[in-house]
Amino acid sequence: MALEKGKISSSQLIFLVIAEMLGVGFVIPPGATVNQDAWIAIIFALFGGLLLVLVQLSLAARFPGKTLVRISELVYGNFLGKLISLLYILFFFHIASLMVIDFSNFFNILFMISTPFIVFMILITLVAASAVRNGIEVIARCAQFIIPIVFISTIITGILLAKDFNLENFQPVLEASAPKMAWIVYRTAIFSFSPLHFLMIIPFTNKQGEVKKSVIKATFISASLLIFVAVRNIGVLGITGSIYTYPSFQAVRLINYGEILTRLEILIALNFMGSGFLQYALTFYITTLAGAQLLNLRTYLPLVLPIGVLLTFQLHYYNIVETMEYQDVYPFIATVFHVIIPVMTLIIASIRKLPRGES
């Protein structure tokens with residue numbers, strides 16, 4: 001019995017991959033720590049990320065209709081495959097927990113300081129849990145509605161900030177040292193352009209032949225928006241952008257046309273609410289789906305409530321300072337799941353000439 005009966009179209013897959021890649025990226029653009037070279041770092045990261053995307057697409061093509069959990073079991077055997085699947089589930093859970101904290105930090109710090117932090121955790125988890133219970137089709141429809149709004153409003157804010165744009169803010173070019181630039185490029189590739197999530201949702205795409213084209217297209221679209229946001233913020237804020245926790249929020253805050261068209265930073269908040277919800281709901285969904293597959297359940301619905309409770313009442317809440325510091329730790333953990341295991345799985349599958357008759 002299939003755990004998920006819903007199907008998504010190729011265009012919906014594009015929106016879901018964009019939602020996953022953007023996430024908080026347009027509020028906290030990747031590469032901000034290399035100041036005016038951030039947009040260059042994103043371009044390099046795009047091509048590095050594409051290599052990781054191609055590895056994952058190769059796995060999806062080699063095992064059509066199989067999720068990451070099933071692929072692990074086929075390649076590594078029952079025991080080791082389940083162990084790797086369990087590690088992935090814990091990793092997905094960890095990502096989801098970071099997302100809900102990022103979301104709550106943003107609104108708690110910038111808008112409702114007096115509101116208890118846990119309130120934000122509960123609210124976003126309740127909304128996400130509702131989407132998760134309704135399945136991948138509902139999440140995909142939400143992405144189809146939210147992502148275009150995020151794109152349009154981001155471009156509008158860029159146009160409105162054109163009068164504050166200063167080309168001198170981009171000088172000098174490539175000022176960051178090579179080791180620092182290389183680290184930021186790698187970190188950005190891991191953060192923004194290597195979503196593992198689509199290995200869990202590709203099997204539910206109704207046109208498997210269009211998957212590769214859709215994912216690569218989504219990767220370039222996401223990179224284009226991230227580069228646009230980085231250029232906008234650098235042009236407006238200059239190197240001061242690196243001192244802000246939320247540089248996009250600060251940049252859009254400068255929009256002021258005759259004291260009438262102002263306070264448009266609310267657009268950033270609304271965009272973050274939409275894209276943050278999508279990214280969180282998708283990761284929440286994948287965690288429950290993978291858990292149900294690992295346990296051989298008939299449906300993933302019984303896991304929605306307990307996982308939602310665990311995500312809400314985490315043992316440790318990162319404050320914003322810890323969250324920023326963790327950005328230098330996360331890539332080491334993510335490398336295992338984004339790079340080492342997928343590459344190793346592809347090599348072993350090739351050597352063993354899998355799948356044989358299993359798929």
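Residues are numbered from 1 along each chain as its sequence is written. Because the model is predicted, local features need pLDDT of at least 70, side-chain atom pairs count only at pLDDT 80 or more, and totals for chains, interfaces and linings use all residues, while side-chain values use heavy atoms, without hydrogens and water.

Glutamine 36 sits in the loop between helix 1 (10–22) and helix 2 (38–62). Helices are DSSP runs of H or I with at least four residues, numbered from the N terminus. Contact here means heavy atoms within 4.5 Å.

Serine 10 belongs to helix 1. The side chains of serine 10 and glutamate 210 are joined by a polar contact of 2.8 Å. Such a contact is a pair of N or O atoms within 3.5 Å; within protein, one must be able to donate a hydrogen and the other to accept it, and residues adjacent in sequence count only if both atoms are side-chain atoms. Beyond four places in sequence, serine 10 is in contact with Thr205, Asn206, Lys207, Glu210 and Ser214.

Helix 11 has 30 residues. From first C-alpha to last it reaches 43 Å, close to the expected 44 Å. The expected span is 1.5 Å times one less than the number of residues. Helix 11 is mostly covered, with 26 of its 30 residues buried. Asparagine 296 follows helix 11 and has a positive phi, near 55°.

The largest pocket is lined by 46 residues. A pocket is an open set of points on a 1 Å grid where a 1.4 Å probe fits, with protein on both sides within 12 Å along at least five of seven lines; lining residues have an atom within 4 Å of a point. Val24, Ile28, Asp102, Phe191 and Gln327 lie nearest the centre of the largest pocket. Elements that give two or more residues to the lining include helix 1, helix 7 (178–192) and helix 11 (265–294). Helix 7 gives the most, with six residues.

Terms used: Buried < 20%, exposed > 50% of the residue type's maximum accessible area, 1.4 Å probe, protein only.
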